[in-house]
Amino acid sequence: MIKRLITVVIVFVLVAGGAFAAGAPEAVPEDEDLRIALLVKSLGNAFFEAARDGAMEAAEELGDVEIIYQGPDEPTAEGQIEIIDSLIAQGVHAIAISSNDPDALVPATQRAQAAGIEVVTFDSDIHPDGRSVFLAPSDDELIGRSQVQAMAEMIDYQGQIAILSASATATNQNIWIEYMQQELEEPEYSDMELVDIVYGDDLSDQSYREAMGLFSSYPDLAGIISPTTVGVAATARAIEDEGLVGQVQLTGLGLPSEMSQYVQDGVSQQVALWNPIELGYGITYIAYHLVRGNAEAAPGAVIPLGELGEVELDEELVTFVGEPFVFDASNIADFEDIY
Amino acid sequence: MSGEQARLAKQPRASLGQRALGLLVRWEMVLFLLLIGVFVLNSNLSPVFLTQRNLLNATFSFMERAIMALPMMLIIISGEIDISVAGIIALSATAMGLASEAGASIPVMILVALATGLAAGLLNAFIVLRFRVPSIAVTIGSMSLFRGVSWAILGNQAISGYPRELAQLGQGTVGNTMIPMPLVMFACLALVFGIVLHRTGIGRTIFAIGNNATATQFSGIPVDRYKAVLFALNGLVAGFAAVLLTSRILSTRPNIAMAWELEVVTLVVLGGVAITGGKGSIIGVVLSIFVTGYLRFGLSLINVPSQVIGIITGLLLVGAIILPGVFEHYSNKLILGKQLKPLEPQRE
Amino acid sequence: MLSKFLAQRESTLFVIIIILLVAVGLRAPRFLEPGRLLSTLNDTVILIMLTMAQLAVIVSGGIDLSVASNLAFTGMATALLNFMFPGVPIVLLVVLALAIGAALGAFNGSLVAWGGVPPIIMTLATMSVFRGMVYLISGGAWVSAHQMTPAFRSIPRVGLLGMPLLMWFGFVTIAVMYVLMNNTRLGRELYAIGDNERSARLVGVNTRLTRFKSFVLSGAIAGLTGLLWVSRYASAQNQTAAGFELETVAAAVIGGVSIMGGSGSVIGAVLGAVFLGIVKNALNVIGVSPFFQLGIQGAVILIAIIANTVIDRRTQVRLGSRRVAA
């Protein structure tokens, strides 16, 4: 009701201000198709191309949804803000964002919300002030801890390990690294030592160079955890090039398409990742139900996600689709052409 | 403008037809036609382009770059360039963030940002003028230095606790109207820069320096002092752009305004300012800002992928430079039957 | 003999590099082990080659900001070819990479030479045009290791006479450029139009054609590095080598190439790139916090540029101007 009132006020202000189109949608009539925008970190990123496929799949199932797939040409917050402004001007019904910056986007998404647009986030969150629901890829704690567990298995719970991350400002990376450090404090890891955290900025050459630097600085290095797809692939390549296969173990989060070769060649025994297709699929369903009024963005609310079943929102309106899927030599080839 | 006049003065006597033609192919005219073209195209492609609100709101996202284009215009006219401006923005915003965390009031925060920008500009000026190193080389280095200092200070942290009132500067509108604050500031600054460039002795001197620095030096003008002021001014305005950007995103990270340096240079050059110096006009630059801004906005309204927008603006830049020349070339040939002079390649 | 050696700018830079290596070695002796030095050099080959591309254009008074985008496009194009037609022999792919790169360079060159577009603007525009074309031909997808043939992936690291092929590519490029710039008519003409285009034209240099050739040369080298890049990292992406263009300019300038054109040597440019490569590789080895690395890089670039200019001016005063390199 209050939302309705705000919308009416906004429409009034618009008319009074002399604007004559593109007002905020008051309530979406049942027979009107929904336009849901998928705003990703940058275009030309294989992970998000897969998420788009998932969104398209959901749109097809729902029937009355049109997906707009957009992103800046480089992964910057300013580029995403520019696109949010254009989406507001177009009067889309919902924007689903994987953000480049948790703070900088908030003023823009609040403008969108004020214009009556449903703002949800997936994969990479923004501050809760600027969105309703966040669909996390998986539980952060689980992601962080499970990678340390996987690494420990590979190196028999002893030796030096290092982390090769994406950019130093990537929020989700930093949260996972924090959980990794917490997990390493458990007694069973007393013989393992985290010697360094380096940043490859999600660039192949930089990640490769950082990996080489690690080999050189720590001759006894037993393993590297790289929770980012560009980083883990570049590290695998570096291990292979230096002839360190078997000597330096590798695990992390990587697209099966990028990692297939290395996992099958034994450079890395296993990598994990959630399914970007499911993320795109799920967030489309969430946006759809919120706009249609079938679900409410409130703690404890249950939202049906088509084939994925139902999810429940927690206190901070966060939910996730599932556990990261583990790829090893036995199954990775089945996924290499999918995402 | 004076470069243009000088060129006209050198010609023996232009016939009326030639002069009309000259007017037609003037860069500003081309840009103006382009702007109209952009409006016609976009309003046909998207029903929501041509609304007062959208046209005004669209300016929010390119006003910082627009404001930075103004001092850059002066620097390029004077024959120099500053590649470090985006780095200065990151540094100034960081300083402003530190001030905010220390509990400074908004005016103090703004002063800190401006002072940081000014200092960065002065450092550029000092290195360029003291050691006689080409400004493009110096500022490629200082670009990394400025942003690097911002990284060193902030690391993986962001500053976000800015006071709410700060938002009024970069996100707000004037009074009860829908006119964006940054647009008004840009308009005022553009007016000042335009008057200084085209109506004062300072402007004439800047053109003269860009045309022939040595001759200007010999005529008793302190060329270095002028250039130092221009670099300092560029830093100062970059500091101001940092204030607006911070106000718009209400947070600071070291990677803000990434790669803006080349975008700002593009705006200036598309505006008809010769990269070799000595030629350019405020009207051209202002037109180019709106042509690019609205072209990008219009294309993103119909959800053209960003990379394709990059291709289109890139080709526009090249086209805008070639077409007037080609037009002049062939119209001379067809209409006036004049002896053809080959197109003069501009030296970089 | 010794005074002549010291007077040359290349030797100054060489000495600076030795000092840098010693300084790094004091902090992290492992960095000076032959294997590690070799891998640093190997890591720098691509930057060296791109600096060669940049050199050809800068010496003639231009600048090529599109080299990194050209690299990304040609890399993606050859990776896609390898994916779709695994039967195409690698040698043919190398030729194709040179050809695609040269074609992109020719686009730059023709509009600069005959369209009157200043090089900085032309290549600023094609920097985003070529980058956008990567997106168009790939449809936004990446080409991954498993989609490349083993032969393709092994191009850079296959050994030949005890040296990885990547280094051979680097050496051959340097050698070709050295001969081209010093011993051919084209080289002399490039220096000449960079020094003074008008007088070059007066003495009969076809300035337009020469300028065109400089961009074709730059494009061909950038194209070749594209193939090497994607095969080295076994992944072709849209963001490949983003932001690399200014690094090549910095390397050239550190190497004493005059940004205004007309002077600069192949050896100097190589040393400039090696210097930058060592800085990039050494910072993480000596344990500099990642957050300080960009700032230190910037400061080092600035100091190197200033030192170079000052030293150069002093030697020029002593020996008299030597604008056109022999």
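Mentor: Contact means heavy atoms within 4.5 Å. This is a predicted model, in which local features need pLDDT of at least 70, side-chain atom pairs count only at pLDDT 80 or more, and totals for chains, interfaces and linings use all residues. Residues are numbered from 1 along each chain as its sequence is written, chains are lettered from A and ligands numbered from 1 in the order in which they are written, and side-chain values use heavy atoms, with hydrogens and water left out.

Trainee: Which residues is I89(B) in contact with, leaving aside its neighbours within four places in sequence?

Mentor: They are M68(B), A238(B), A241(B), A242(B), L245(B), I256(B), A257(B) and W260(B).

Trainee: Which residues touch the most other members of the largest nonpolar core?

Mentor: I89(B) is among them, together with F122(A), F215(A), M259(A), M73(B) and M177(C), in a core of 317 residues. A nonpolar core is a set of buried Ala, Val, Leu, Ile, Met, Phe, Trp, Tyr and Cys residues joined through side-chain atoms within 4.5 Å. Buried means under 20% relative accessible area, with exposed over 50% and partly exposed in between (1.4 Å probe, protein chains only).

Trainee: Changing topic, how many residues does the contact take from chain B and from chain A?

Mentor: Chain B gives 36 residues and chain A gives 34.

Trainee: And how many salt bridges are there between chain B and chain A?

Mentor: The count is 4. A salt bridge places a side-chain nitrogen of Lys or Arg within 4 Å of a carboxyl oxygen of Asp or Glu. R65(B) and E82(A) form a salt bridge through their side chains, at 3.8 Å from N to O.
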